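Dear colleague,

I am passing on the structure that we talked about, together with some notes on what turned up in it. Please look at the model first and then read on.

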Amino acid sequence: IWVPRPGRDYFGRTLRFELLTPRQASERLLKRLTTNLREDNFLQVRLTGTNPDEAASTLNALVLRFVEEAALQKRQKLTLLAAVLDSQVSDQTEKLRNAEQSLEGFRVGTVTMPREEAPVASGIQMTQNTVYSQYFALRTEAEAVHRDRLAIEDVLQKVTTGGLAVDAFSTIPAVREAPDLQRVILELSVA
């Protein structure tokens, strides 16, 4: 409960005063207040009244409250914006991590697939990635050895059953490139 506190000059005298609700007081204040926004960031405020000191004091209190409320709303807006941005950063971080894992999986899955080698200008061939080239060369060589082994096993099986001559070994590239095997096959074919 608000109780008026008059100064000593008013002791023993009868005083007249009027009580207003906050809404009524704000409506009266609004009728005396004029505002003008200039250049989108400069607010000009005027308060009319019969007592200049009272008007100045009221306007200063009003502007101070306006600045406090604007700072509070700006802080709340920035806090909300920071929370939204933090959430977006978390979401994008998760998406980036998933994309990187997918890319790594794709790279692992496609490393064994043949790829077209782009033409390389002379002088920069040493800058090309040789790991892939070596991998594919070794893979091709391993496949050739496997084919030769199957061909040798096939010829051996046919020779033991009497269906083929020993000279059939000469058609297998690995046998042709092995001088010791060539000598043994020559001895067997002569014998």
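**What was found**

The secondary structure of the protein amounts to five helices and two strands, where helices (H or I, at least four residues) and strands (E, at least two) are DSSP runs numbered from the N terminus. Read from the N terminus on, the elements follow the order α-β-β-α-α-α-α.

This is a predicted model, in which local features need pLDDT of at least 70 and side-chain atom pairs count only at pLDDT 80 or more, while totals for chains, interfaces and linings use all residues. Residues are numbered from 1 along each chain as its sequence is written, and side-chain values use heavy atoms, with hydrogens and water left out.

On confidence, the protein has an average pLDDT of 82, and 84% of the residues score at least 70; pLDDT is the predictor's confidence in each residue, from 0 to 100. Confidence is highest in helix α1 (residues 22–32), at a mean of 93, and lowest in helix α5 (residues 179–190), at 74. Where pLDDT is low, the predicted coordinates should not be read in detail.

As for the overall picture, buried residues account for 7% of the 191 residues in the protein, with buried meaning under 20% relative accessible area, exposed over 50%, and partly exposed in between (1.4 Å probe, protein chains only). The protein exposes about 17000 Å², of which carbon and sulfur atoms supply 58%; accessible areas come from the Shrake-Rupley method with a 1.4 Å probe, and for residues only the protein chains shown count as cover. Of the contacts between residues at least 6 apart in sequence, 16% join residues at least 24 apart, a contact being heavy atoms within 4.5 Å.

The two strands come next. Strand β1 (residues 33–38) and strand β2 (residues 42–47) run antiparallel and are joined by six bridges; two strands are said to pair if DSSP finds at least two bridges between them. Asn36 stands opposite Gln44 in β2. The strands β1 and β2 form a hairpin with three residues between them, and Glu39 in the turn has a positive phi of about 55°.

On the surface there is a nonpolar patch formed by Leu37, Leu43, Val63, Phe66 and Val67, which together have about 460 Å² of accessible area. Patches are made of residues with over 30% relative accessible area and no salt bridge, like charges being joined within 9 Å and nonpolar side chains (Val, Leu, Ile, Met, Phe, Trp, Tyr) within 5 Å. Helix α2 (residues 52–110) contributes the largest share of this patch, three residues, and Phe66 has its place in helix α2.

How many salt bridges does a search of the whole structure find? The search finds seven, a salt bridge being a side-chain nitrogen of Lys or Arg within 4 Å of a carboxyl oxygen of Asp or Glu. In one of them, the side chains of Glu18 and Arg28 meet at 3.2 Å, N to O. Glu18 lies in the segment before α1 and Arg28 in helix α1, so the pair ties together parts that are ten residues apart in sequence. Glu18 is exposed, at a relative accessible area of 56%, whereas Arg28 is partly exposed, at 44%.

Within helix α1, Arg23 and Glu27 are four residues apart and thus separated by about one helical turn, and their side chains meet in a salt bridge (3.5 Å, N to O). Arg23 is exposed at 62% relative accessibility, and Glu27 is partly exposed at 40%.

In helix α3 (residues 130–160), where Tyr132 is also found, the side chains of Glu143 and Arg139 meet in a salt bridge (3.4 Å, N to O). Glu143 and Arg139 are four residues apart in the helix, so about one helical turn separates them. Glu143 is partly exposed at 37% relative accessibility, and Arg139 is partly exposed at 33%.

Finally, Tyr132 is partly exposed, with a relative accessible area of 27%. Tyr132 and Val111 are 21 residues apart in sequence and 7.7 Å apart in space, C-alpha to C-alpha.

With best wishes
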